[in-house]
Every structure is written in C-alpha cells, then in structure tokens.
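Subject: Structure handover

Hi,

Here is the structure I promised to pass on to you. Please open it alongside this note, and my findings follow below.

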Amino acid sequence: MTKQNEEELSLWKLIKEDFSVPKQNDPALQSSIELFFNYPGVWAIINYRVANALHKKGFKRLSRVISGISTFLTKTDIHPGCQIGRRVFIDHAIGVVIGETTIVENDVLIYQGVTLGGVSLNKGKRHPTIKSNSVIGSGAKVLGNIIVGKNSRIGANSVVICDVPKNSTAVGVPAKVIKRDDKKCKLSHNDLPDINKEMFDYLLKRVAVLENAVKKYEGIDLSSEDKDLEDIYERFIQAMNSIKQ
C-alpha cells in the first residue's frame, strides 16, 4: 500500500483498523467480545475519528457534543481538532487528556493518566507532537509545543517540557533524557533506569570518600559510629526483603 493510499483511508477502514490494534498491543485480550466492554481506549479513538471527521467538515459544535459524550462514557478527553494517526492504542485509557493542537503519529502507545497538554493561551500550536512508534508511560505529562521523537519512551509519571530526541528514553520531573538508541520492545516501558538508585549510589560513594579523608587527615576514630550504621543498614535490608516475600 502506498503512502498516498494510507493517507486516503476511509473513516470506516480507519475504525476497522482501530478495532484490530488491541490484538497487537494487549496480551490480556482473549476474545473480540471484550473489545466492546473492556477497552475504553478503543472506543475513545473511534469516537474521536467520527468527531474529527465532522470537525474537518465544519460541524465543530456537533463534533464537540460527540467528544463530550465520549468523555463521559470512556473517561478519556480527546479534542476533535487534534490529529491522531493510525494504529494508535490507548491502554486502559482512564484519565487520558489530548489537547486540540496535539499531533500523534502512527503506532503510538499511550497508557492511562497521560496528559498531552498545552501551556499557553495562544490560538496556534500549543500542544505536543508525538512521533511514530513512541510510548508514553502511565501518568506522564507532555506539555507545550514540543516534540517527542520517533521510537522514544517517556517513563511513568514523568513531566516532559522540552523536546525528546528520537530513539531516546526520558524520565523524571522535569524529564531528562537518560538513554539513546534504545532498541527494546515498545511494551518494555517498565525497563527504565532507576535514577533515584543511581543518585543514592553516588551519595554513598561520596560519603565514603569524605569519611576516609576525615580518618586519614584528622585522625578521628569512627569505628563505633560505623558499627551503629552497619546495624541500621542491616535492619533496613531485612525489612525490605521481608516486604518482597
């Protein structure tokens, strides 16, 4: 199929394709019947397709009515004026907000609680552009007229306010790019670096350097304090292991 033919898909063919997307992205799907009752994200996209078609033809008030009804039924707020490409899947969907000038390209995976929002009252482009094959983790906020590059992943609960290069992973508040050229499966959104752990590792090593300096140059004996700290650390590790069990 040529690129031109892809762009000229009819509304019905787009909707039919939307129904097939969960089979590729959700291993929990057991039968087609479940699509009608357990996948609000699919219905949110389908309702958007109808509202967007009306919006483009000038029936903006009617498109907003349909969008409002869809929001009430699916708990997913998608403005009919935004641009959503093919094979976009909103998993679980509850709490997702997609603003008017947002552009979501093909094969994007969006999890629950995501906001693709604006930070300006201007009428122009004020919402993000999500390039193809990207993953937006649950609870993430992507704000403003910024670009999330192709094949990128946004970690859960991250707040993105700057462009994210293609093939990257961004996490944190505000989000920072911590990986480049990530070739993992797009469903592996849980496989993200633990930036808190890395910071604690740094702090522990820094404290150890300072302690050694104090012992060496000041001649201060910290052996008793070391023993107390080791006991506290051992109890902490035991408590964490008991939680895992």
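A nonpolar core here is a set of buried Ala, Val, Leu, Ile, Met, Phe, Trp, Tyr and Cys residues joined through side-chain atoms within 4.5 Å, where buried means under 20% relative accessible area. Please keep in mind that this is a predicted model.

The largest nonpolar core has 27 residues, and I78, I84, I98 and I110 are the ones that touch the most other members. Helix α4 gives the most to this core, contributing three residues. There is also a second, separate core of 11 residues, with Y39, I46, L109 and Y111 among them.

Apart from neighbours within four places in sequence, I110 is in contact with F89, I90, D91, V96, I98, L116 and I136.

Next, the aromatic rings. The structure holds one aromatic pair. F19 and W43 form this pair, edge-to-face, with 5.5 Å from centre to centre and 85° between the planes. F19 lies in helix α2 (residues 11–25) and W43 in helix α4 (residues 40–56), so the pair ties together parts that are 24 residues apart in sequence. How accessible are F19 and W43? F19 counts as partly exposed because its relative accessibility is 21%, and W43 counts as partly exposed at 26%.

Another ring to look at is that of F72: the charged end of K75 sits over it, 5.6 Å from the ring centre.

The largest cavity holds about 40 Å³ of space, and its lining is made up of A44, N47, Y48, A51, S67, S70, T76 and I78. Both α4 and α5 (60–74) supply at least two residues of that lining, with the largest share, four residues, coming from α4.

Finally, have a look at the second largest pocket, which has a volume of about 510 Å³. Its lining consists of L203, L204, V207, A208, E211, D226, L229, E230, Y233, F236 and I237. Helices α6 (195–218) and α7 (223–244) each supply at least two of the lining residues, and α7 provides the largest share, six residues.

Happy browsing, and do write back with any questions!

Best wishes

Technical notes: Residues numbered from 1 in each chain as written. Predicted model: local features only at pLDDT ≥ 70, side-chain atom pairs only at ≥ 80, totals over all residues. Heavy atoms only, no water. Phe/Tyr/Trp six-rings, centres within 6.5 Å; stacked < 30°, edge-to-face > 60°. Buried < 20%, exposed > 50% of the residue type's maximum accessible area, 1.4 Å probe, protein only. Lys NZ or Arg CZ within 6 Å of the ring centre and 35° of its normal. Contact = heavy atoms within 4.5 Å. 1 Å grid on protein atoms, 1.4 Å probe; cavity = no way out; pocket = protein on both sides within 12 Å on 5 of 7 lines; lining within 4 Å. Points joined across faces, edges and corners; volume = space filled by probe spheres on them.
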